[in-house]
Each structure stands twice: as structure tokens, then as C-alpha cells.
Amino acid sequence: MEVRAKKALGQHFLTDQSIARAIVDALDSPGDVLEVGPGMGVLTQYLWQRKDLNVKAVEVDAESVDYLLTHFPEANGRVLLGDFLKVNPDVFFKGNFNVIGNFPYNISSQIFFKVLDYRERIPQVVCMVQKEVAERIAEGPGSKTYGILSVLLQAWYDIEYLFTVGSGCFAPPPKVQSAVIRLRRGSRTSLGCDEAAFKTVVKTAFGQRRKTLRNSLKPLILKKAEKEGWSAEDLASFTARPVFELRPERLSVEDFIALTNDFA
């Protein structure tokens, strides 16, 4: 019995066993682990061999769940049919848990946003994603690939680009290269600014990333001017600062925090 890869689910099954072992070995945080999208168990089989891990898995594809239950006795009671984006992690674990998986490329960004929602409970993430996404997340300020997800994730996690995976390691082969990254929860406990406002500033800035911040953040600037009752001179003074001459990819997480406080 083989599971047919479904395009609608963004499925590309990893077939290279050495890559699978390397991904599992990259997870160096013991304890509870939630695997996202185990498919036919290429990672799962090695995860279950590790005595330092308590592994559960969530899989949206019923055919894959049937395959796991048929081929792996360990799967019974440890694999849930469900959508990671919709499942409450409390179904699996009450405390902290790590996340691992070959993330479906069409929802990888959504998975990372959910990780951020549970960042106080997720000390580590090891995952394979599209190479372009991996580079975007891991890159620092100044790179053309640095963007919204880079800033939001780097605010809370230390991110390592581990290795590249060629398309020939999958069935069916994807049209893009893949990469494995590791996210380790950093020491930051607070942004030092309003978190919702921080997200708004970051998303608004990168919404027009080719423009300077003076232009891309214009809606927020005008909103603050109205709130504060600024004169034309006040507005000109606020936007004359050097930071507004920059494009968003030049700003670090700390720069975005400072900018957010400027709009408070």
C-alpha cells in the first residue's frame, strides 16, 4: 500500500532515508514532540526510535493515517487525523512541546504563525520547507529576502539554516529546492512594545517594501498625526528622522520595536 501524493494538500513525500535521519537528529530538545504531516512516516519511524522523545503526530490526510496505522504498531493512539492549523495542542500535550515536520509548502507560513501563537510552549522547531522560505526566515536585515515572517519569527526565535535538500529526494519531485531549518526559542520574554501594534507596523512596512518607510507607513503616520493633533510642522519633524529614509529590509527586530514605540 502506497499513499498517493495529493496536489491539493501540497504533498511531496521525502524518500531519502539519510535526509530523514538528519532532520530527526537536528532536533536536540528532548521531551514531547508534535510531528506535523507525517505522511508515510519517513521521519516518524526515526522519531519513534528515540527514547528521549514522546512523539505524537497530526495528519490531515486520512489515507496517510490509515497507512501509518497499518504499517506502524506504534501509531495506535499517537496519530490524530486533523488539521494542525485548527487543532488545539492541548489534545496532545498539556505543557511544552517541540514541533517537527516536512511542512506542506502551501501552508508553511500559516504553520509558522501558529507556532508564534504558542511560542511560550514551543522551545524548538525543526522543519523542512521550500528553500526560498527557509532563506527568508533565516536571513538578517539587509537581505532582499528578509520580510514579515523573518522579523516576526526572529523576534522570538534564534533561527539556523541547516542544509539544502534537492528535489530528487522526494516523490513526486517538487519544482523547487527545499531546506531544513531549526528554530530555538530565544530569551526574549517581552517585546517592550505593544505586540499587536508591532505586527501592524511590520506588515504595513513590508506591504510596500520597495518604498521608503516614510511612504509605506504613511497610513500609520497620518493616523498618529490626527490622534496627536499635529500641525504640518509637527508632521514634517516626525517624518524627517533618518529611519524614515530607509526601506523596511534595513531594519532589525530592535529597530522595528523602537519604531512601534514611536507610533504609541
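**Figure 1. Helices and strands of the whole chain.** Helices (H or I, at least four residues) and strands (E, at least two) are DSSP runs that are numbered from the N terminus, and by this definition the chain has 11 helices and 9 strands. This is a predicted model, in which local features need pLDDT of at least 70 and side-chain atom pairs count only at pLDDT 80 or more, while totals for chains, interfaces and linings use all residues. Residues are numbered from 1 along each chain as its sequence is written, and side-chain values use heavy atoms, with hydrogens and water left out. The C-alpha trace spans about 70 × 40 × 30 Å along its principal axes.

**Figure 2. Burial and contacts in the chain.** A residue is called buried under 20% relative accessible area, exposed over 50%, and partly exposed in between, using a 1.4 Å probe and protein chains only. Of the 264 residues in the chain, 48% count as buried. Where a contact means heavy atoms within 4.5 Å, residues 24 or more positions apart account for 69% of the contacts with a separation of 6 or more.

**Figure 3. Cysteines of the structure.** A disulfide is a covalent bond between the sulfur atoms of two cysteines, and here the term is applied to a pair of cysteine sulfur atoms within 2.5 Å. A search of the whole structure finds 0 disulfides. For Cys127, the closest cysteine sulfur is that of Cys169, and because the two sulfurs are 17 Å apart, they are too far from each other for a bond. Cys127 is buried, with a relative accessible area of 0%, and Cys193 also counts as buried, at 16% relative accessibility.

**Figure 4. The pair of Phe92 and Phe93.** Rings of Phe, Tyr and Trp (its six-membered ring) pair if their centres lie within 6.5 Å, and planes under 30 degrees apart count as stacked, over 60 as edge-to-face and the rest as tilted. The structure holds 9 aromatic pairs. One of them joins Phe92 and Phe93 in a tilted arrangement, with 6.3 Å from centre to centre and 40 degrees between the planes. Phe92 is buried, with a relative accessible area of 13%, and Phe93 is buried as well, with a value of 3%.

Figure 5. Trp230 is partly exposed, with a relative accessible area of 24%, whereas Phe238 counts as buried at 11% relative accessibility. Trp230, Phe238, Phe244 and Phe263 together form one aromatic cluster.
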